[in-house]
Amino acid sequence: WYMRTSVTATRARRASSAPTVKMVRRTSKAWCDIGARWRPQNDDVVEVEMREEGLFGSRYEARVLAMDADQVLVQFSEFVSEEDPKRPLEEWADLDRVTPVPPPAPPEYLANADPGAYLDIFYDGGWWEVNLGRKQRGGAYQVFQPQYGTERWAKANCLRPRWKFHRLEGAKWTTSEWNIH
């Protein structure tokens with residue numbers, strides 16, 4: 001669905017990945033009462049924003065292995081090392097690309113969403129920004145990905161609100177419709 005023309009040489013896709021939502025262990029710091037400035041801790045499950053061509057803007061789950069002043073060493077669950085395809089990919093990511101896993105979607109958020117609403121779709125092991133098109137056709141929702149000029153039908157369990165993490169503003173999540181403290 002999305003173009004993956006030149007993913008960096010340090011990445012190879014995990015062969016068994018499928019476009020399904022999986023449950024992850026969330027830390028207690030994932031979204032509530034984080035404090036004035038959030039910083040991940042070792043073993044936290046986080047999401048990392050991708051900046052490589054073909055993945056730009058998508059978010060992939062990773063586990064924190066170590067930290068320094070402004071970078072986080074993460075281990076991705078959906079990528080493997082090019083040197084050893086049996087090992088998960090580990091890489092340093094700038095702190096501004098790393099967030100806690102967002103909170104669960106509010107109940108009935110899709111039923112109340114208007115066409116054009118900002119959403120994320122779980123596709124190919126990561127979360128991608130989309131806009132809602134039409135609602136329900138056989139239990140699916142039409143979504144558009146403006147950056148890549150694509151459209152798709154998705155089940156509700158593969159969609160979530162497009163959360164924005166405010167790292168310095170009381171460490172909270174917001175969307176255009178909800179404000180979660």
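Student: Start with S9. What is the bridge partner of Leu 132 there?

Tutor: Leu 132 has Val 143 as its bridge partner in S9. Strands here, like helices, are DSSP runs numbered from the N terminus: E with at least two residues for strands, H or I with at least four for helices.

Student: What sort of model is this?

Tutor: A predicted one: local features need pLDDT of at least 70, side-chain atom pairs count only at pLDDT 80 or more, and totals for chains, interfaces and linings use all residues. Residues are numbered from 1 along each chain as its sequence is written, and side-chain values use heavy atoms, with hydrogens and water left out.

Student: Back to S8 and S9. How many bridges join them?

Tutor: Two. S8 and S9 (residues 140-145) run antiparallel. Two strands pair if DSSP finds at least two bridges between them.

Student: And how many between S7 and S8?

Tutor: Six, and these strands are antiparallel as well. Tyr 118 has Asn 131 in S8 as its bridge partner. Phe 122 stands opposite Trp 127, also in S8.

Student: Which strand does S7 join through three bridges?

Tutor: S11, residues 159-161, again antiparallel. There, Ile 121 is bridged to Leu 159.

Student: Why is S7 largely enclosed?

Tutor: Because five of its six residues are buried, S7 is largely enclosed by the rest of the structure. Buried means under 20% relative accessible area, exposed over 50%, and partly exposed in between, with a 1.4 Å probe and protein chains only.

Student: How many residues of S8 are buried?

Tutor: Six of the seven, so S8 too is largely enclosed by the rest of the structure.

Student: Now the turn. How many residues sit between the strands in the S7 and S8 hairpin?

Tutor: Two. Asp 124 lies in that loop, between S7 and S8 (126-132). Its phi is positive, about 55°, although Asp 124 is not a glycine.

Student: How accessible is Asp 124?

Tutor: Asp 124 is partly exposed, at 22% relative accessibility.

Student: New spot. Where is Glu 108?

Tutor: Glu 108 is in the loop between S6 (98-100) and S7 (118-123). Phi of Glu 108 is positive, near 60°, and the residue is not a glycine.

Student: Is Glu 108 buried or exposed?

Tutor: Exposed: the relative accessible area of Glu 108 is 56%.
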